[in-house]
Amino acid sequence: MSQSTTVREQDRAALTGSEGVMGSAVVTTAPDIRTVLDHCIESPPAPAAGVLSDQDAVWPQRLRRTLRGRLPQWGCESLVESAELLLTELVTNALQHAGGRGFLRVRVELRGSLCRIEVNDGSPQRPKPREATPSDESGRGLLLVDAISDSWGVSEDGTTTWCTLVNEGPVMEPVAEVVHETALPLPPNASAAEVARVSARTLLTITAWPGPVDVAVDVLYVLVQNAVRHGLTKGSSGRRLEAWLRINERHELFIDVQDHTCDFPRFEQAVRGELGRGGLWGAQRLGAVLSWFPAEHGKTVRAILQPGPVDL
């Protein structure tokens with residue numbers, strides 16, 4: 001899968017940055033880079049060669065938790081599981097071989113349609129995959145990286161190991177810090193929209209959101225109704241639709257509705273009203289900023305509403 005994977009021309013620079021080339025491609029321009037995670041780890045002396053110290057052992061889990069919280073903010077929920085695994089393997093491998101030599105730098109960036117994970121351990125010794133025997137408890141890290149990532153490699157000086165994942169959905173700007181979040185489990189049938197309407201009105205009143213509650217309730221109703229009509233696949237019986245209300249520190253309201261289909265082929269037409277003057281077009285007319293992105297088991301449609309009165 002790995003380094004022979006073909007990617008779009010405008011994203012080839014994201015594979016190499018300033019650290020090398022992939023195949024025969026040489027790129028001089030770099031795409032817009034968004035930093036998701038940038039962290040330095042001080043690596044103390046290891047108790048034995050290839051063994052993590054207690055201080056080092058906490059880092060993979062800590063970084064996974066951070067990554068899981070930040071990738072969805074950029075519309076990259078579909079990458080979370082693979083990115084967590086790749087990050088764990090690269091960081092663990094670097095810690096095991098750093099030998100307490102100083103600092104490791106861990107970076108996760110979005111470059112065009114690519115998510116790039118890189119770990120710099122300062123060591124010029126280039127990591128190499130090796131075949132682990134069935135009885136080995138370790139030694140499969142880079143083999144997993146090769147199998148899961150869309151591409152991976154090592155910088156020319158040997159100090160940085162990197163890998164990439166392709167994000168199929170649109171990359172969004174990150175939201176401000178969320179200060180209140182409520183999940184709304186919904187039944188996968190026609191009653192879901194009305195259940196959402198009642199629950200949302202109560203929750204937004206309790207939280208005293210300083211925005212148009214009636215408008216927010218109507219927008220949520222539209223998104224849930226749309227998910228029921230078009231987003232429930234056959235065999236969804238017993239599964240719930242999911243919705244969230246999130247208020248950030250700027251008092252913006254994020255309404256997210258997730259269903260079980262993975263794409264939204266006519267989203268733009270729906271928003272422009274080409275499929276009818278209702279639904280998403282109506283939600284936009286109420287002041288909602290609409291978007292969608294892939295989720296782990298389907299897709300999420302998002303509406304953002306600002307606090308304060310709405311000029312209808």
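Analyst: A definition comes first: an angle over 145 degrees between two axes counts as roughly antiparallel. Please also keep in mind that this is a predicted model.

User: Understood. At what angle do α6 and α7 cross?
Analyst: The axes of helix α6, residues 192-206, and helix α7, residues 213-230, cross at roughly 155 degrees. They come within 8 Å. The two helices are therefore roughly antiparallel to each other.

User: Is that crossing left-handed or right-handed?
Analyst: The crossing of α6 and α7 is right-handed.

User: Which residues make the contact?
Analyst: On the α6 side, they include Ala 192, Ala 193, Glu 194, Arg 197 and Leu 204. On the α7 side, Val 213, Asp 214, Tyr 221 and Val 228 are among them. By class, the contact has 12 nonpolar, one polar and five charged residues.

User: What does Tyr 221 touch?
Analyst: Tyr 221, which lies in helix α7, touches Ala 193, Glu 194 and Arg 197, leaving aside residues up to four places away in sequence. Tyr 221 and Arg 197 are 24 residues apart in sequence, and their C-alpha atoms are 5.8 Å apart in space.

User: A change of topic, then. How many cavities of 30 Å³ or more are there in the whole structure?
Analyst: A search of the whole structure finds one cavity of 30 Å³ or more. The largest cavity holds about 30 Å³ of space.

User: Which residues line the largest cavity?
Analyst: The lining consists of His 180, Thr 182, Leu 203, Leu 204, Thr 207, Leu 245, Arg 246 and Ile 247. By class, four are nonpolar, three are polar and one is charged.

Note on methods:
Residues are numbered from 1 along each chain as its sequence is written. This is a predicted model: local features need pLDDT of at least 70, side-chain atom pairs count only at pLDDT 80 or more; totals for chains, interfaces and linings use all residues. Side-chain values use heavy atoms; hydrogens and water are left out. Axes are lines fitted to C-alpha atoms, for helices over the stretch in contact, and angles run from 0 to 180 degrees between N-to-C directions. Helices (H or I, at least four residues) and strands (E, at least two) are DSSP runs, numbered from the N terminus. Angles under 35 degrees count as roughly parallel, over 145 as roughly antiparallel, 65 to 115 as roughly perpendicular and the rest as oblique. A crossing is left-handed if the near helix is turned anticlockwise from the far one by less than a right angle, and right-handed if clockwise. Contact means heavy atoms within 4.5 Å. Ala, Val, Leu, Ile, Met, Phe, Trp, Tyr, Cys and Pro count as nonpolar, Asp, Glu, Lys and Arg as charged, and the others, Gly among them, as polar. On a 1 Å grid over the protein atoms alone, a cavity is a set of points where a 1.4 Å probe fits but cannot get out, and a pocket is an open set with protein on both sides within 12 Å along at least five of seven lines; lining residues have an atom within 4 Å of a point. Grid points are joined across faces, edges and corners, and a volume is the space filled by probe spheres set on the points.
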